[in-house]
Amino acid sequence: MEDINRFFNEKNAVRNDAEIDLSQSGDYLEAVRAFSRITYQSLYVINYQTKSFEYVSDNPLFLCGKTSEEVKQLGYAFYFQHVRPEDLELLVKINKAGFDFYDKIPVTERKKYSISYDFHLVNGKKNEILINHKLTPMFLTESGQVWKALCIVSLSNSTEAGNIVLSKDGSDEVWKYDPDTDEWNKEEKIKLSAREHEILRLYTGGMTISEIAGKLFITADTVKFHRKKLFEKIGVNNIAEAFAYAKANKLL
C-alpha cells in the first residue's frame, strides 16, 4: 500500500470526512458505460477518496490480458505489474507536478483542465505498447480537490514515454512539463491553416490525393506540399499519425 500511496499527492488528499456534494455524481456511471460502448479508447474512473478504480471499461488495449473486473480490483497495483520501472517513476513525478500545478488554479477553473502523457504498458509476455493517457476531473470536493477523475487510454502517436501536456478547455495555451528541470513551460497550441484542415479532413474521409485535388480545385502537387507542411508542423511521419494527433489535440 505504501508504494501505491506515491500516486496520491497530499495536496489532493480527499479524507473520508471531506465535504462533498454527493448529488453531483448521481448515476454518472451509466453515461461512462455508454461512452465506452461507442469509443475505441479504454476508459476508467479514479476515486481519490478511496484510492481505487471505480470503473474500468472492457477494452483489451489497457487490460494486459486481465478482465476489467480484475483491473478494477487491482487499482493502482495494476501499474506496478504492467508499467516499465522507469516509466513508473515518471508517472509518480507527473502526479506530483500535476497536482502542484493544479493547486495554483482557482477552484472555479479546475474542471476545465486535462493532462496528457505517454508511457509503456507491458503484458505478461513482455510485449510493450506505448499508450497515451488523458485525465480530467469529473467531480470535486467542496474545497476543490479532485474527488473523481475520468481517464482515457489510447495508442500513442509518439515514439517514447513522456510528452506531458496540460491543457485548458477553451484556451489557446498549453503547458508542457520537462521532467529534467521539473518545470512547466507555457506554449501556444498548434493551429492548422484552413487548407491544412481541409486536406486532413478529406484524408480522414478516405479520399486519395487526386480526389482531394479535384475536390479543392488544386493540383496533386499542391496537396502534397500542404501535407508535407502539416507533417512538419505537428511532428508526424504519415497521415495516420497526423489523424491521431489531430484527434488527440482537438484539431479537427
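**Notes on the predicted model: salt bridges, sheet and helices**

1. Let's start with the charges. Searching the whole structure turns up 14 salt bridges. Keep in mind that this is a predicted model. One of the pairs is lysine 148 with glutamate 54, whose side chains meet at 2.7 Å, N to O. This pair links distant parts of the chain, with lysine 148 in strand β5 and glutamate 54 in strand β2, 94 residues apart.

2. Next pair: the side chains of lysine 191 and aspartate 172 form a salt bridge at 3.4 Å, N to O. Here the link runs between loops, with lysine 191 in the one between β8 and α6 (194–204) and aspartate 172 in the one between β6 and β7; the two are 19 residues apart. Aspartate 172 has a relative accessible area of 40%, so it is partly exposed.

3. Then there's lysine 233 with glutamate 196, a salt bridge of 2.8 Å, N to O. Glutamate 196 belongs to helix α6 and lysine 233 to helix α8 (residues 220–234), so this pair ties together parts 37 residues apart in sequence. Lysine 233 is partly exposed at 35% relative accessibility, while glutamate 196 is buried at 6%.

4. Eight strands make up an open sheet with antiparallel pairing, in the order β2-β1-β5-β4-β3-β6-β7-β8. Which strands stand at the edges? They are β2 (52–56) and β8 (183–188); each has a single partner strand, so one side of each lacks a neighbour in the sheet. From one strand to the next, the twist averages 30°.

5. For a closer look at one pairing, take β4 (residues 128–140) and β5 (residues 146–155), which run antiparallel and share nine bridges. Leucine 140 sits opposite valine 146 of β5. Helix α5 packs on the sheet, touching β3 (113–122), β4, β5, β6 (162–168), β7 (173–178) and β8. The direction of α5 makes about 175° with that of β3.

6. Worth a look within α5 (residues 85–102) is aspartate 87. The cut-off for a salt bridge is 4 Å between a side-chain nitrogen of Lys or Arg and a carboxyl oxygen of Asp or Glu. Setting aside neighbours within four places in sequence, aspartate 87 contacts Phe119, His120 and Ala161.

7. Last, helix α1 (residues 29–37). Its buried residues are Leu29, Val32 and Ser36. Why do they end up on the same side of α1? Because they cover an arc of only 55° around the axis. Ala31 and Arg37, on the other side of α1, are exposed. As for what the buried residues of α1 pack against, that's β1 (42–47), β2, β4 and β5.

Terms used
Residues numbered from 1 in each chain as written. Predicted model: local features only at pLDDT ≥ 70, side-chain atom pairs only at ≥ 80, totals over all residues. Heavy atoms only, no water. Helix = DSSP H or I, 4+ residues; strand = E, 2+ residues; numbered from the N terminus. Contact = heavy atoms within 4.5 Å. Pairing = 2+ DSSP bridges. Axes fitted to C-alpha atoms, helices over the stretch in contact; angles between N-to-C directions. Buried < 20%, exposed > 50% of the residue type's maximum accessible area, 1.4 Å probe, protein only. Arc of directions from axis to C-beta.
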